[in-house]
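Let's take a friendly look at the pockets of a protein and at what lines them. Keep the structure open beside you as you read.

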Amino acid sequence: MRKNFGAKPNLYPMPVFIVAAYGEDGVPDAMNAAWGGISESTEISMCLSPGHKTVKNILAKGAFTVSMGTADTAVACDYLGVVSANKVPDKLARSGFHTSKSEFVDAPLIDELPMALECKLISYDPDSCRLVGEIVNVSADVKVLNDDGKVDPAKLRPITFDPMNNAYLVLGEKVGNAFKDGNKLK
């Protein structure tokens with residue numbers, strides 16, 4: 001038996017993306033966003049309302065970064081979602097996060113968030129709120145890499161948003177091998 005919830009934006013997992021950009025004044029800004037994902041091999045798409053200061057900054061600068069929220073930074077990540085930079089211009093600084101300039105795009109990397117996509121703006125449609133970015137680089141702090149030099153999710157500890165319970169959940173447990181286990185059913 002199933003329970004119907006109607007048409008709602010409930011999907012698992014939903015990312016906790018921290019989207020960052022510089023303002024025209026050079027001040028870094030960031031917001032928490034859940035509605036997004038990879039839409040092409042070097043492309044990310046997100047649904048971001050035009051009223052966000054971060055969206056205005058992205059449109060002005062043509063660049064942004066997308067970091068994964070982590071278990072260790074959940075409070076600061078949530079703060080970036082509950083406070084508007086339109087009302088609190090220094091909200092990124094108040095979150096306790098620090099930034100460094102990306103080598104690849106004119107956008108800030110958040111030092112405490114160990115993995116980020118560095119993106120150039122491709123398009124933005126204010127009617128649908130769809131923002132599309134070209135991923136020009138993915139960077140990760142060496143502290144979250146495994147012995148093979150790849151991101152280790154157990155070290156990264158990315159969080160997801162649970163929209164039904166308004167909670168953040170940490171990802172982590174391995175349950176299978178992609179592109180391998182299904183071969184058993186051939």
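## Who lines the second largest pocket

In this predicted model, strand 3 (28-33), helix 1 (53-61) and helix 2 (74-82) each supply at least two residues of the lining of the second largest pocket. Helix 2 has the largest share, with four residues.

The volume of the second largest pocket is about 410 Å³. What kinds of residues line it? Sorted by class, there are 13 nonpolar, eight polar and three charged residues in the lining of the second largest pocket.

## Moving to the largest pocket

Now turn to the largest pocket, which holds about 490 Å³ of space. Its lining has 23 residues, and those nearest the centre are Phe17, Met68, Met115, Leu156 and Pro158.

Strand 4 gives the most to the lining of the largest pocket, namely three residues.

How do the residues in the lining of the largest pocket divide by class? You will find 17 nonpolar residues there, along with five polar and one charged.

Notes. Residues numbered from 1 in each chain as written. Predicted model: local features only at pLDDT ≥ 70, side-chain atom pairs only at ≥ 80, totals over all residues. Heavy atoms only, no water. 1 Å grid on protein atoms, 1.4 Å probe; cavity = no way out; pocket = protein on both sides within 12 Å on 5 of 7 lines; lining within 4 Å. Points joined across faces, edges and corners; volume = space filled by probe spheres on them. Nonpolar A, V, L, I, M, F, W, Y, C, P; charged D, E, K, R; others polar.
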